[in-house]
Amino acid sequence: MSSTQCLTYFLSLSILQPSTLMARLSLFILLLLLSLVCITGAEKPVRFPRRSRSRAYIENACTKTLYPSLCIQYLSVSANSMTIQTPQQLAQAALSVSLYKALQTRTFMLKVVKELKARKSKDYQAVKDCLDQIGNSVDQLSESVRELHRLERPDAEGGDNVFWHISNVETFVSSAMTDASTCLDGFPGRNMNKSRAMIKAKVLNVAQTASNALALFHRYAAKYKP
């Protein structure tokens, strides 16, 4: 699916107003999955004929993160299918990317665990434990995306509601980072086989994108603080 098709379909779904809670939840999940498909479909490096406004904004914002190169790389892809020129749009994109990377890593690890179990490999338990941690990261990042959407609702404006949602997002993303770090602790040293090295690289990527997402969310949440 092209970036233009993704955006058109996304906008057409966004204007729907389901009447029931279950229908609204289903629509939210569909929109989230569609946004991830759009990101996936644009995995190739982006060629910018000119330094677009979104690109310039992303580059400037990413300098405040711990992993600016990674931040620019992934968010520039997102900028192909959505406008990123505000802290809110930046936080949305960063959290979506982080969730997608965690989902991608979990899918990869599920396959590896299945293969290791079939071979009765001595690496099975360590990788299985890591898979459980990444599964927790997926859950936490999913919740952070939901909390960000709740924060953006009109009825969340003002009062303690705002700070409750902000705290929830921060807690969920921090927990996802902790889970990924716990997984990495099970792969010490540098001498490891190809499978373990690939798992370690993917999990590290999850931790780094979550760290960047948290930094960019803090920038967005600053507008609510006195």
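Trainee: Where is Gly 186 found in this predicted model?

Mentor: Gly 186 sits in the loop between helix 7 and helix 8, and, as the whole model is a prediction, what follows is computed from predicted coordinates.

Trainee: Why is Gly 186 called partly exposed?

Mentor: The relative accessible area of Gly 186 is 35%, and since buried requires under 20% and exposed requires over 50%, a value of 35% falls in between, so Gly 186 is partly exposed.

Trainee: How many residues apart in sequence are Gly 186 and Cys 130, and how many Å apart in space?

Mentor: They are 56 residues apart in sequence, while their C-alpha atoms are 7.3 Å apart in space.

Trainee: What makes Cys 130 and Cys 183 a disulfide?

Mentor: The S to S distance between Cys 130 and Cys 183 is 1.5 Å, and because the rule asks for cysteine sulfur atoms within 2.5 Å, the pair qualifies as a disulfide. The torsion about its S-S bond is about -50 degrees, so this disulfide is left-handed. Cys 130 belongs to helix 6 (residues 124–151) and Cys 183 to helix 7 (residues 159–185), so the pair ties together parts that are 53 residues apart in sequence. Both Cys 130 and Cys 183 are buried.

Trainee: How do you know that Cys 62 and Cys 71 are joined, and why are these residues called buried?

Mentor: Their sulfur atoms lie 1.9 Å apart, which is within the 2.5 Å cut-off and therefore counts as a disulfide; by this rule the count comes to 2 disulfides. The link of Cys 62 and Cys 71 is left-handed, with -65 degrees about the S-S bond. As for burial, Cys 62 has a relative accessible area of 0% and Cys 71 has 4%, and because buried means under 20%, Cys 62 is buried and Cys 71 is buried.

Trainee: Why is helix 4 described as largely enclosed by the rest of the structure?

Mentor: Of the 11 residues of helix 4 (residues 68–78), 8 are buried, so the helix is largely enclosed by the rest of the structure. The buried residues include Cys 71, Tyr 74 and Leu 75.

Trainee: Which residues touch the most other members of the largest nonpolar core?

Mentor: Leu 75, Val 203 and Phe 217 do so, in a core of 54 residues. Helix 5 gives the largest share of this core, 12 residues. Leaving aside residues up to four places away in sequence, Leu 75 touches several residues, among them Ile 58, Cys 62, Val 97 and Leu 216.

Notes. Residues are numbered from 1 along each chain as its sequence is written. This is a predicted model: local features need pLDDT of at least 70, side-chain atom pairs count only at pLDDT 80 or more; totals for chains, interfaces and linings use all residues. Side-chain values use heavy atoms; hydrogens and water are left out. Buried means under 20% relative accessible area, exposed over 50%, partly exposed in between (1.4 Å probe, protein chains only). Helices (H or I, at least four residues) and strands (E, at least two) are DSSP runs, numbered from the N terminus. A nonpolar core is a set of buried Ala, Val, Leu, Ile, Met, Phe, Trp, Tyr and Cys residues joined through side-chain atoms within 4.5 Å. Contact means heavy atoms within 4.5 Å.
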